[in-house]
Amino acid sequence: SDDYVADIGSMAERILAYRHERENRQHISTGWPELDAIFQPIKPSFNIVTGTPSSGKSTFLDCLAVNLFRNHDWRFAVFSFETLPIEQHACMVISLLASKPYSLHLNDHLTDREIQDWCRRISGHFIFHAIPPEMRTIEGVSAYLRATNDKYKMDSLIFDPWADRK
């Protein structure tokens, strides 16, 4: 169909309609003005963050999620198959929110009370999933996602990293 393949030479009207429709949407800041110039999160959307291993993709996603929570009250379903156990990932998010380290070995670390307070403050906004390996299929993850969204009405999903492997 012509709706799926188009020569840019014949798209001027469609491009203008798209631009005007996008301008009428609420602009959501990432929390970084430099990034806002080239990327603005919208609901719903699908975005992929890619790069070389250990280049900071996971940390970037956590920082973006924290900014979207702080500035726009977003809710996240987090499927992180690399940052396990999920308690470790939760500590990392709380550390970002509090701007304090969670490790007891570092100066000015989060206190037990602060961690408890942050857990209460962000309840329902960061839902971490520890999916058993045998459920890490498209169908299995979809089932967890549906159940989470039914209960919490998520704004965004974080899959980090995920592949359908058996």
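This report looks at the cysteines and at some backbone details of a predicted model.

## The cysteines

Let's begin with the sulfur atoms. Searching the whole structure turns up zero disulfides. Take Cys-91: this residue is in no disulfide, and its nearest cysteine sulfur belongs to Cys-119, 8.0 Å away.

## A cis peptide bond

Now follow the backbone to Leu-84. The peptide bond that leads from Leu-84 to Pro-85 is cis, and its omega is near 0 degrees. To find Pro-85 in the structure, look in the loop that runs between β1 (76-80) and α4 (86-98).

## Positive phi in a loop

Next comes the loop between α4 and α5 (112-121), where you will find Ser-99. Ser-99 is not a glycine, yet its phi is positive, at about 55 degrees. Is Ser-99 buried or exposed? With a relative accessible area of 63%, Ser-99 is exposed.

Asp-108 is also located in the loop between α4 and α5. Although Asp-108 is not a glycine, it has a positive phi of about 55 degrees. Its relative accessibility is 56%, so Asp-108 counts as exposed.

Technical notes
Residues are numbered from 1 along each chain as its sequence is written. This is a predicted model: local features need pLDDT of at least 70, side-chain atom pairs count only at pLDDT 80 or more; totals for chains, interfaces and linings use all residues. Side-chain values use heavy atoms; hydrogens and water are left out. A disulfide is a pair of cysteine sulfur atoms within 2.5 Å. Helices (H or I, at least four residues) and strands (E, at least two) are DSSP runs, numbered from the N terminus. Buried means under 20% relative accessible area, exposed over 50%, partly exposed in between (1.4 Å probe, protein chains only).
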